[in-house]
Amino acid sequence: FVPQSLAGKKVLITAGPTFEAIDPVRGITNRSSGKMGYALAHAAACAGANVTLISGPTALPIPFGVGRINVESAQEMLDACLKYSPESDVFIAVAAVADWRTADVATQKIKKQHTDDVPCLSFVQNPDILHTIAQQPNSPYCVGFAAETEHVIEFGQAKRLKKGIPLLIANNGPATFGADDNQVVLLDDSGLHELPKQNKAQLAHVLIAEISNRLTKKL
Ligand code: C5P
């Protein structure tokens, strides 16, 4: 039995990696299976929410009762988030968004040279989706994730303040990518709250309960 703690609420979630094209056959992406974001979407639907999942390319099926919108690039993900966030009560950014994209996408496949010459790509910064949504007037309650390889708590708190969000869920990146288990720390204005290592599906229900509690108390 899962309490309907998000009944009547609209929850917007990003998940998976983004894919930034280099040419029609190549691109750069981030390591993310999408499992955590999809598990949260499922858990939010179980808690009675109306869930929109904006997903980069993953191999995962659509969770039952969730509306999925497929995107590839960070810009497409941002456009979809800007469209749905004004009507959302909660925004949970789980996607591993590529920080950069190539300045120009080649319209034809870049051909290999028969010399040692390699292509020279120049990059531009992608928009920060979470920060952009958090800055919107009447923004939803925003939750971020941070995968760090060191100083998880220190870097996590700094990131939470920089993004201007009330809650950030931090974990050790390499230990969780593609894994079924996850161990996270919740960082908010009151400090840190460590959760035990557990299955991502189970953890998702715990996180949704934490988020709905904070939403009610406006923490
Ligand atoms: O800055 P960093 O990528 O470490 O922040 C991670 C958090 O910000 C995650 O919640 C991620 O989904 C979100 N993010 C975003 N848009 C970006 C980069 C990160 O929404 N361009």
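Helices are DSSP runs of H or I with at least four residues, numbered from the N terminus. The model is predicted, with local features needing pLDDT of at least 70 and side-chain atom pairs counting only at pLDDT 80 or more, while totals for chains, interfaces and linings use all residues. Residues are numbered from 1 along each chain as its sequence is written, and side-chain values use heavy atoms, leaving out hydrogens and water.

**Exercise 1.** Work out how helix 1 and helix 6 are oriented to each other.

Step 1: Axes are lines fitted to C-alpha atoms over the stretch in contact, with angles from 0 to 180 degrees between N-to-C directions. For helix 1 (residues 35–46) and helix 6 (residues 200–217), the angle is about 55 degrees and the axes are 8 Å apart.

Step 2: Under 35 degrees is roughly parallel, over 145 roughly antiparallel, 65 to 115 roughly perpendicular, and the rest oblique. The two helices are therefore oblique to each other.

**Exercise 2.** Find backbone atoms that lie by the ligand's nitrogen atoms.

Step 1: Start at Pro127, where a backbone N or O atom lies 2.8 Å from a ligand nitrogen atom.

Step 2: Move to Ile129, whose backbone N or O atom lies 2.9 Å from a nitrogen atom of the ligand.

Step 3: For an oxygen atom of the ligand, look at Ala93, with a backbone N or O atom 2.6 Å away.

Notes. Polar contact = N/O pair within 3.5 Å; in protein donor to acceptor, adjacent residues only side chain to side chain.
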